[in-house]
Amino acid sequence: MGIVEAEADTGVGTRTVPAGDGEREPYPSDSLRTFGAVVQALREHAGLSRGDLAAVVRYSKHTVESVELGRRMPDEAFIERAEEALGNTGALRRAARHLSRGEVGLAAWFRRWARLEREAVSLCTYECRLVPGLLQSEEYARAVFEGTIPLRTDAELEAQLAARMERQAMMRERPTVPFSFIVEEHVFHRRFGDAEAMRGLVDHVLERSAPRNVTLQVVPLGAGLHACLDGPVRILETPAGQRLGYSEGQQNGRLISDRKEASLLCQRYETLRSQALSPQESRDLLERLRGEL
């Protein structure tokens, strides 16, 4: 998961707020930017300036500009009037169904995956860089955010931290959804804070992985080379039975929906699952590590 990843739930669909001049979105979402680009393309195709469209939809030119740039959530009146003014093709009405607000503390490239996660019927995570966000203690998460570049303001950091902790509630609130984690042992050797903070992290991981629907397996240091050396990976299954993958690098992430690619990730994950320690052996290893701190 993204080093700067964290979540705050948002409305999705046709929920709207007035598009007045004082309603600028503090965290523009990808869907708002996409909707705005569609409005701009249709307007230019119709040969209208922003001022022309503003006069027709009865909003200010500034508001039209803000909607086109993804800075404002359009209200229903704006959508309907713009639809009629720009050809009445239905494109804007359909696009508006997918509008969502930007999510505080959530990396832009992670947003779509985060929404899919909340609806998934199963979720698998392999991590070799850091403790997965769903298993992080608050103190560990804070240390991760404080170490990111560019540096964030105190307000931004607190928003990210609160959102990540909120995201962890998903595991408690969905006790019948299987959550599987495979984590490299060296991740738990990476020091942060003092010994007490490290013990708190291990305790938190053990607590979060204790429920019956959560499986944690550790890849021991002596396991050698394995099938997932290309990097971290996430896999989920949608309610419709589709398998999707997600991979992430520096300042970017990629949703993998191609069936063959997703199948390949599943094969790699299952192979690694057989090479990792069993859930009980993994807990025993973490408890030994904790005792050595």
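**Starting at the helix**

First stop: select Asp-258, at the start of α10, where one of its side-chain oxygens comes to within 3.1 Å of the backbone nitrogen of Lys-260. Keep in mind that you're looking at a predicted model.

Now extend the selection to residues 259–275, the whole of helix α10. Its 17 residues should span 24 Å at 1.5 Å a residue, and the end C-alpha atoms sit 25 Å apart, which agrees.

Next, show side chains for Ala-262, Leu-265, Cys-266, Tyr-269 and Leu-272, which are buried in α10. They take up an arc of only 130° around the axis, so they lie on the same side of α10. Why does that spacing work? In an α-helix there are 3.6 residues a turn, so residues three or four places apart point the same way.

What covers the buried residues of α10? Select β3 (122–127), β4 (179–184), β5 (214–219), β6 (233–237), β7 (243–249) and β8 (252–256), which are included in that cover.

Colour the strands and trace the order β5-β4-β3-β6-β7-β8: this is an open sheet of 6 strands with mixed pairing. Neighbouring strands here are turned by 15° against each other on average, ignoring direction.

Last stop: zoom in on β4 and β5, which run parallel and are joined by 6 bridges. Pick Phe-181 and you'll find its bridge partner in β5, Leu-216.

How values were computed. Residues are numbered from 1 along each chain as its sequence is written. This is a predicted model: local features need pLDDT of at least 70, side-chain atom pairs count only at pLDDT 80 or more; totals for chains, interfaces and linings use all residues. Side-chain values use heavy atoms; hydrogens and water are left out. Helices (H or I, at least four residues) and strands (E, at least two) are DSSP runs, numbered from the N terminus. The expected span of a helix is 1.5 Å times one less than its number of residues. Buried means under 20% relative accessible area, exposed over 50%, partly exposed in between (1.4 Å probe, protein chains only). The arc is that of the directions from the helix axis to the C-beta atoms. Contact means heavy atoms within 4.5 Å. A polar contact is a pair of N or O atoms within 3.5 Å; within protein, one must be able to donate a hydrogen and the other to accept it, and residues adjacent in sequence count only if both atoms are side-chain atoms. Two strands pair if DSSP finds at least two bridges between them. Axes are lines fitted to C-alpha atoms, for helices over the stretch in contact, and angles run from 0 to 180 degrees between N-to-C directions.
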